[in-house]
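User: I should like to understand how the terms used for a protein structure follow from their definitions. May I put some questions to you on that basis?

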Amino acid sequence: MKITRHGSAAWQGGIKDGKGTISAESGALNAYPYGFSSRFEGQKGSNPEELIGAAHAACFTMALSLMLTEAGLKPTQLDTAAAVTIEQVEGGFAITSSKLTLKAKIPGTDNAKFQEIAAKAKAGCPVSKLLKTEITLDATLLS
């Protein structure tokens, strides 16, 4: 199976005074604004790092659901957040980490099994494989 998805960006102007928009094939984003101020100064609009964070959280959570199902477990709730960090390094800027934080309700499992499966999902999800950065996971099994 091979699937290709599409996203796009448009930009007008210089780096600091310019403005851009991002769109996704699904329509989830349609000419949504982004720019220097939303990326580096906390202003309204999107940025590549939050989109990578959303993609990483979604991918990891789906991979975890698959692996739990394969282990005969059915989660009632999986909530994942991803904190993606960009910082200035020698030679420019780099994404230096993605920290996944998971809160999970999974009847019929213990913490050791949960941690084992969550670690496999972190390593195995396609977005984790794409990111060439430190990826950490803080996984909490709720009762």
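Analyst: The face of α3 turned away from its buried side carries the exposed residues Ala 112 and Ala 123. Exposed means over 50% relative accessible area, buried under 20%, and partly exposed in between, with a 1.4 Å probe and protein chains only. This is a predicted model, in which local features need pLDDT of at least 70 and side-chain atom pairs count only at pLDDT 80 or more, while totals for chains, interfaces and linings use all residues. Residues are numbered from 1 along each chain as its sequence is written, and side-chain values use heavy atoms, without hydrogens and water.

User: Which residues of α3 are buried?

Analyst: They are Phe 114, Ile 117, Ala 118 and Ala 121. These residues cover an arc of only 100 degrees around the axis, so they lie on the same side of α3. The arc is taken from the directions from the helix axis to the C-beta atoms.

User: What covers the buried residues of α3?

Analyst: The cover includes α2 (48-70), β5 (92-105) and β6 (134-142). Contact here means heavy atoms within 4.5 Å.

User: How do you know that the span of helix α3 agrees with its number of residues?

Analyst: The expected span is 1.5 Å times one less than the number of residues. For the 14 residues of α3 (residues 111-124) this should give 20 Å, and the end C-alpha atoms are 20 Å apart; therefore the two agree. Helices (H or I, at least four residues) and strands (E, at least two) are DSSP runs, numbered from the N terminus.
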